[in-house]
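Visitor: Can you walk me through this one? Please keep it short.

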Amino acid sequence: MTTGPNDTGKVVIIKYANRKHFNTQTSRYVTLPEVLALGVDNFIVLDHVTKKDITFEVLINALSGHFRDNPAAFEAVKPAIVEKLGLGSPSVPFDSDEIPF
């Protein structure tokens, strides 16, 4: 198993089937907020069984949980997300009730 930072210098987090996250640098289980506190560019998350990089999936789940618990935070970034996804722009109005979030 990979321990500590990998060859990219990022901390390797192993995600187990029981949804626990193991920080290989500190050799302890960590919570998702602790993982995110490392900074999104400073870690990768690998599936314990497949060793597949699942960082993106973990970040999406974390963001959805954060926005579910903090709807005002989502409303603050929603225009930027909509524009980034190409669902609207300042010159092309959109109906925010039609987007799936």
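Guide: Buried means under 20% relative accessible area, exposed over 50%, and partly exposed in between, with a 1.4 Å probe and protein chains only. On that scale, buried residues make up 29% of the 101 residues in the chain.

Visitor: What kind of model is it?
Guide: A predicted one, where local features need pLDDT of at least 70, side-chain atom pairs count only at pLDDT 80 or more, and totals for chains, interfaces and linings use all residues. Residues are numbered from 1 along each chain as its sequence is written, and side-chain values use heavy atoms, leaving out hydrogens and water.

Visitor: What is the mean pLDDT of the chain?
Guide: The mean is 80, and 79% of the residues reach 70 or more. pLDDT is the predictor's confidence in each residue, from 0 to 100.

Visitor: Where does pLDDT stay under 50?
Guide: Over residues 1–5. The model has 14 contacts for them beyond four places in sequence; contact means heavy atoms within 4.5 Å. Where pLDDT is low, the predicted coordinates should not be read in detail.

Visitor: New topic. What is the secondary structure of the chain?
Guide: Three helices and four strands. Along the sequence the pattern is β-β-β-α-β-α-α. Helices (H or I, at least four residues) and strands (E, at least two) are DSSP runs, numbered from the N terminus.

Visitor: Which residues of helix 2 are buried?
Guide: T55, V58, L59, A62, G65 and F67. The buried residues of helix 2 pack against strand 1 (11–15), strand 2 (21–23), helix 1 (32–37), strand 4 (43–47) and helix 3.

Visitor: At what angle do helix 2 and helix 3 cross?
Guide: The axes of helix 2 (residues 55–69) and helix 3 (residues 71–84) cross at roughly 110 degrees and come within 5 Å. That makes the two helices roughly perpendicular. Angles of 65 to 115 degrees count as that, under 35 as roughly parallel, over 145 as roughly antiparallel and the rest as oblique. Axes are lines fitted to C-alpha atoms, for helices over the stretch in contact, with angles from 0 to 180 degrees between N-to-C directions.

Visitor: Which residues make the contact?
Guide: H66, F67, R68 and D69 of helix 2 meet P71, A73, F74 and V77 of helix 3.

Visitor: Now the loops. Where is R19 found?
Guide: In the loop between strand 1 and strand 2. Most residues other than glycine have a negative phi.

Visitor: Is R19 buried or exposed?
Guide: R19 is exposed, with a relative accessible area of 67%.

Visitor: And what about the phi of S27?
Guide: S27 has a positive phi of about 55 degrees, although S27 is not a glycine. S27 lies in the loop between strand 2 and strand 3 (28–30). At 53% relative accessibility, S27 counts as exposed.
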